[in-house]
Amino acid sequence: MISQFFVLSQRGDNIVFRDYRRDVQKGSAEIFFRKVKFWKEDGKEEAPPVFNLDGVNYFHVKVVGLLFVATTRTNLAPSLALELLQRIARAIKDYLGVLSEESMRKNFVLVYELLDEVIDFGYVQTTSTEVLKSYVFNEPIVVDAARLPTLGPAALFMQGNKRMPGTAVTKSVVANDPGGRKREEIFVDIIEKISVTFSSSVSYSSISSACLCSFADTLDCYLLEAWSILKRLGVMLSNDDEQGYVLTSEIDGTIQMKSYLTGNPEIRLALNDDLHIGRGSVPSFGYSGSSGTGAVILDDCNFHESVHMDNFDIDRTLSLVPPDGEFPVMNYRITQEFKPPFTVNTLIEEAGSLKAEVILKIRAEFPSSITANTILIEMPLPTYTTRVNFDLDRGIVGQNADFKESQKKLEWNIKKIVGGSEHTLRAKLNFSQELHGNITKEAGPVSLTFTIPMYNPSRLQVKYLQIAKKGKTTNPYRWVRYVTQANSYVARI
Amino acid sequence: MAPPAQSHRSPSPSQPSGKGEVSDLKTQLRQLAGSRAPGTDDTKRELFKKVISYMTIGIDVSSVFSEMVMCSATSDIVLKKMCYLYVGNYAKHNPDLALLTINFLQRDCKDEDPMIRGLALRSSCSLGVANLVEYLVGPLGNGLKDGNSYVRMVAAVGVLKLYHLSASTCLDADFPPLLKQLMLKDKDAQVVANCLTSLQEIWSLEASTSEEAAREREMLLSKPVVYYFLNRMKEFSEWAQCIVLELVSKYVPVDSEEIFDIMNLLEDRLLHANGAVVLATIKVFLHMTLSMTDVHQQVYERIKAPLLTLVSSGSPEQSYAVLSHLHLLVMRAPYIFSSDYKHFYCQYNEPFYVKKLKLDMLTAVANESNTYEIVTELCEYVANVDIPMARESIRAVGKIALQQYDVNAIVDRLLQFLEMEKEHVTAETLVLVKDLLRKYPQWSHDCIAVVGNISSKNVQEPKAKAALIWMLGEYAQDMQDSPYILEGLVENWDEENSAEVRLHLLTAVMKCFLRRAPETQKALGDALAAGVADFNQDVHDRALLYYRLLKYDVSVAERIVNPPKQAVSVFADTQSSEMKDRIFDEFNSLSVVYQKPSYMFTDKEHRGPFAFSEELGTLSIGTEPSDGAVAAQRVEANDKDLLLGTSEKEESHGYGNNGSAYSAPSYDASTTAGASQGHFDLVSIDQPSTLHPPSGFAIDDLLGLGMPAAPSSAPPALLLNAKAAIDPSAFQQKWRQLPVSLSQETSIDPQGVAGMTNPQALPQHMQGHSINCIASGGQAPNFKFFFFAQKAEGSFAYLVECVINSSSCKVQLKIKTDDQATSQAFSELFQSALSKFGSA
C-alpha cells in the first residue's frame, strides 16, 4: 500500500502532498529530494526510480520535469507503484489539458480531489479518467497552451509550417470549449520510437589493432604497411559513402488514443491486412528473410483492457469503447529489419600532430514530401581537444554547430531536414597533446535525436477508423497521425 | 459580494507574507459563515482554496478550524470536499476541534446524494481521532448496506481505517464478517476488492492473537474463494486484478490439472498493457509450476516476449522495474535467454542503473555461440567516454572470460584494452588480467608480454597497482625487466600511500628475489628496510617476517612465500543460492529491485499479510533480542535452514544436493532408524556451517548425532496432558538444553499439505491432540513448526521441531524430551496425529 503521494517541482517545492497512512514521517519530501539531488557526490549518476532510506521505500517518476513520488514501508510491487505514478500524471493531464507546474499550482484543489478518489488509505481505487469523472467536481482552470515551449507533445505533429490541430491534444477532457459546445473528435496517434546502432563505417580499425597486438617485431614493419594501405582504402571507402551496417534495430510503437466523443460510441480500428504477431520460430533479432515480403511482423504486443480482439484474426480490426482521456490502445515491438531514416557517415582523420579533421555526413533516406524536425547530432571528441573550428554548408538556414568544452562534445543542430537531402559538417580539431594510438577509439560514437512527423518506419497503418453511429448526423472529426522519434540512434566510428 | 480583494496582497500562494494572512482569512471566513447572499459560495471557494494552498506548503492554518467548519454548512459539493480535506489534515492533532465536525459529518452521511454520503463517510473515517470512534460505527454499518456502490466501496475501506484506530471497536461491531459477506456477493467489483484488502490486513494483524482470524485468513486462500475471484477476474479494475493475482499466487493447487486450468484462465492477462498486471500474473505462473520442471521452463519461454515488450514500452522508470525482474529470471536460467542477448545491449542514453543490469545479463547469457558478439559489443562500451560504464564493461568481459568460454579471443581483447592507454581502462584491465592468470596460468606468456610494457607510472589506482606488482613478482622469471621495475617502485616507497600496494610490493620483491637473487638483492634489502620502518603495522610485520624467514632458512622462506600454486577453478559467488531463492519467492516486489530478501529492508510489521514469523530461532514471541546485528544473523541462519532444498532442479549445485535427498521417494513413516539416521547426517552436517552459534542448534544437533536412535521396548500407552502450557522463552531455553532424543523422517498426507496454505491450520489440528504449537514459520514449500506437549502424569515434556516440505510431502521430526524412555512412544503418537491432518 502507498503511504504518501507527492509532486515536487524541479526545485524541490511541494506542489501537492497527500498522506494516506500516516506511517511515514512528514518530512519525507525533503529527505527524498535531497537524496535524489545528491545521489552520488559527482552528480553524474542518476538516482534509480526506487530506493530505500531508513526503512522507507521511495518510488519516483519524472514527468515534464516534475517529480511524482510515492512512499511506502511495505514490500510493494515496484511495477505497480511506478505504473500508478505514471497513471496519476496522465489522469491529471487529462483533466488539466496541460501538465505543468503552473497548471498544477492553479488547479491544486482539483488535483487533491483526484488524489482522494485515486487512492484510499493507500489502496488504489481507480486511475481511469472515465470513472473519476463522476466523482470529481472542480472545474479545471485552463492554462494557455500557446505559452508552452514548443517541445511539448503538440509540437510532435508539426509538419512544416502547417500545424496539425495539435492544440486539441492540450484540451482538457472535461472542460468545455469557450462556446460551451464540445467538439466531437478523436485522435489516434501512431508513435514509433526507433533504436538503431550502426557498426563502425569501415573495418580497418579492428584489423589494425588485432595486428598490432599479437605479432612480434619482425613482422611488424610489413604489417604496419599493410595496415596503412587498408586504412587508406578505408578512407576511400568511406568517401564513397560506404555505410556501417545495422547492428541492432528495434521499433517500440504505441497506438495512442484520445477521445473527445460524447456517448462513448464503439470504435473499430483496422490495421494492415498483412500484420502478424509473433515471429514464430524466427529467432528474435534475426535479419534473414521477411523483409522482402512486405508483411508487418510484430515481435510482440499488448493491449489496453478496453480492446476486444474478436475479429482480429479475421480482418485485423480492434474494437473498443474508448474511455475518456488519453490511453495506449496497443504497444508493440518490432525487430524486423526496416530502412533507417538517416544514414550517418563519419570520418575522423589526423591532420598533423596536434590536429584532426572530422567530417560528418547525414543523409535523409525518406521521401522528399516528409520533413524531419529538430535534429541534434552529438559526438564526443577526444578529451584533450581544446578548440574546434566548424565549416557548415552554406545556404542552409537553421543549423548551427558548437563545441561543448566542458563535456568535450560536438553538437550539431539542424532545424529541418527534407527527405532525400544530405548535410555535411566539417570540423577541425585542435589538441593540447600529441595523438597516441588510434583516434577513432578516442571519439564517438555519433548519436542522433530527431522527430519525423507523418512517417513511421514499421509501415503499420490504421486503415480506417470507424465510429458506430448513434443516430446523430454530425460526423466527428477523426485524426490519425504518425510520428517517429529517435530513441537511441547511434553510429559507431 | 465583491471578488476577494486579498488576492492582490498575496499574488503567489507560495509566498505568503505570514501570520497576518491567516488571521485575515479567519475574519473573512467568519463574515461569510452566516451569509446567504448569492455568490457567497464562489467567494468561499476562493478562500478555502487559499487555506488549502497554505496547508500544502506547510503553513499551519489550524487556527481557522472553527470558521472552516462553520462555512461548510452548504450544499456546494466542491466546498464540502475542500473542507473535508482540511479537516482530515488537522483533526488528528486537534481532537477537540474535530468534535466540532462530527455533527455535520454525521448529517452528511445521511444525505440524499450518494456522493455526499460517501465523501462524508470517508472523511469521518479519515479523521484519525481515537475518541470519536463511537461515531463511526453507525455510519459504517449503514454504509456497508448502502444501496449505492460508491458508498459501500468507501465503507469497506472505512472499516479498515476504524480497525487501525481502534481494533476492538471494529471487531466488536462485527465488521469483518460483514465485509466477508459483502466480498462474496457484492455486484460491484471494486467493493469486493476493497473488502478483500481490508480483510487481508485485519486478519493478518489479528492472526497472531486470534485463532479465528487465522482460520479466516486461511479461508481467503481456500479453493472456493480463490475460484470465486478468478471467475470474476475480468470485472476487476487493473489495480484490483493485481491484488487478486497476488492472492492467487499464494494458493496451492491440488494437482497439475488445476494448475493448468488456472494458467489457461490467466493467460490473456499477459497481454495487458499494465506492467503491474503482467508481473503479478507471471508470479502466479512461476510459483505454481515450481515443482514441474518442464512446465516451469515453458513458462519462462512464454513470458519472455511480454516482458521484453514491457521493457521497451513504458517510461524509463517502469522499464527499470520490469528489467529488474527480467534480470532475476536471466540469472536463474541464463540458457533460456541466450539467444535474446541483443535485447540486453545498452543504449547510449540509458541511465547507468539500467546499463548495469544489462551488463549483468549479458555476462550471464554468454555461451559458446554468442560470446564473440557479446564481447565485441562490450568492447565498444569500454571505449565509451562514460568512465563508470567503461569500467563495468571491462569487468563484464573479465567475468565472461572466467566463465571459460572462448578464453583465447577474450584474452586478446583484454590485452587490447591495455593498449588504449586510458588510465581507468588500464587500471581495470590489470585487475582482471591478474584474476585471469590465477585461473588460467597457461596464458601467462601472452599476458606478460603486454603487461611488461606498461609503465608503472601510468598506473595510479591502488588496486591496479597492486595487481601489476603481483604479476611482476609472480612472473619474475618471464619478465625481463621485473627486478628493475620493482627496484624503481621500492625507491619511491615513501610516496606510495596505499598500504595494500606496499604489502604487495614486499611480497613481489621477495618472490623476485627467490628467482633472480643477484638482480634483486639490492631492491630486497631496501624494501625490507623500508618495510620494517613503515608506520603501518601490517607492512611492518610482514617485512619483519620476511627478514627473519630469510635469516632462518631461504628454502623455508621459498616454501612459504612462493609455494607452487594451483589454478583457481571457481571464484566465490557473492550471493548465496538461498538468498537468491528467497528473492525469487518474493517475485514482483521490491526484493527483486534491491536484490535483497525483504527482511533485510522492511520492518517486521510491514512484511505483508502472509509473511509470518521469520525469527524461529529466537522464538521472538516473548524475547526480543537486544542486539540487532545478532538478530539479523539469526534470521539469516534460519533462512538457510528453512530453504534447504528449495533450489531448483536446474541449479544442481550448492544445496541442490540436499534438495534431491529431500524429495527422494519411498520414505514412509516406518522407515528404519538407520535409514533416516543416514539422511539426517546430511542435514546435520550442513547445519553447523549454516547455523550460527547464537541459535544454539548446531551443538544440539552434533550431540544428537552421537545419540543412539533409542528404540525403547514397547512402552505403555502414552497419555498427554491436554492443558499443557509453556511460555516461549522457557521452551527456547529447554530446547537449547536438551539433546535430540529422536529424529525421524516421515511423510504427510498431500491433502494435509493443501491445508498448509494457512500456517495456523496444522497447529490447530495438533492442538486437538494435546500438542501445542509454540512457533511456526517458513514459506512454501518449507515450513517449520515447534511443538510442545506434556505427559499426563508427571512433568515430563516433549519438544518437537517439525520441518514440512509441502512440495515433496516430507516431514522431518526432531524430538527432545526429559524422558528418554517414552520418546519413541511420543513420536508414534505425534506421527499418528500428524497423519490425521488433512484427512479429517
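This is a predicted model: local features need pLDDT of at least 70, side-chain atom pairs count only at pLDDT 80 or more; totals for chains, interfaces and linings use all residues.
1. The five-stranded sheet. Chain A holds an open sheet of five strands in the order β2-β1-β5-β4-β3, and the pairing is antiparallel. The edge positions belong to β2 (14–19) and β3 (50–53) of chain A; each has a single partner strand, so one side of each is left without a neighbour in the sheet. From one strand to the next, the twist averages 20°.

2. Strand β4 (residues 56–63) of chain A pairs with β3(A) in the antiparallel sense, over four bridges. V50(A) stands opposite F59(A) in β4(A), and F51(A) stands opposite Y58(A) in β4(A). Two residues lie between the strands of this hairpin, where D54(A) takes a positive phi near 50°.

3. The nine-stranded sheet. Chain A also has an open sheet of nine strands, ordered β13-β16-β9-β8-β26-β24-β19-β22-β21, with mixed pairing. Here β13 (300–303) and β21 (399–404) of chain A stand at the edges; because each has a single partner strand, one side of each is left without a neighbour in the sheet. With direction ignored, neighbouring strands of this sheet are turned by 15° against each other on average.

4. β21(A) and strand β22 (residues 409–418) of chain A run antiparallel and are joined by six bridges. A401(A) has W412(A) in β22(A) as its bridge partner. Helix α2(A) packs on the sheet, where it touches β9 (246–259) and β16 (325–334) of chain A. Its direction makes about 135° with that of β16(A).

5. Extent of the A–B interface. In chain A, 89 residues are in contact with 86 residues of chain B. About 7,600 Å² is buried between the two chains, and carbon and sulfur atoms give 57% of that area. Which residues of chain A lose the most area to chain B? They are R22(A), N75(A) and Q125(A), together 9% of what that side buries.

6. Polar and charged links across the interface. Nine salt bridges are found across the interface of chain A and chain B. One salt bridge joins the side chains of R492(A) and E380(B), at 3.7 Å from N to O. Between chain A and chain B, 38 residue pairs are in polar contact, counting pairs with both residues at pLDDT 80 or more.

7. Make-up of the chain A side. Helix α2 (residues 78–96) of chain A gives the most to the side that touches chain B, with eight residues. The residues of that side of chain A divide into 39 nonpolar, 27 polar and 23 charged.

8. Salt bridges overall. The count over all chains comes to 65 salt bridges. Within chain B, the side chains of E67(B) and R30(B) meet in a salt bridge at 2.4 Å, N to O. This pair links distant parts of the chain, 37 residues apart: E67(B) lies in helix α3 (residues 65–71) of chain B and R30(B) in helix α1 (residues 19–33) of chain B.

Methods. Residues are numbered from 1 along each chain as its sequence is written. Chains are lettered from A and ligands numbered from 1 in the order in which they are written. Side-chain values use heavy atoms; hydrogens and water are left out. Two strands pair if DSSP finds at least two bridges between them. Axes are lines fitted to C-alpha atoms, for helices over the stretch in contact, and angles run from 0 to 180 degrees between N-to-C directions. Contact means heavy atoms within 4.5 Å. Buried area is the accessible area (1.4 Å probe) that two parts lose on being put together, summed over both. A salt bridge is a side-chain nitrogen of Lys or Arg within 4 Å of a carboxyl oxygen of Asp or Glu. A polar contact is a pair of N or O atoms within 3.5 Å; within protein, one must be able to donate a hydrogen and the other to accept it, and residues adjacent in sequence count only if both atoms are side-chain atoms. Ala, Val, Leu, Ile, Met, Phe, Trp, Tyr, Cys and Pro count as nonpolar, Asp, Glu, Lys and Arg as charged, and the others, Gly among them, as polar.
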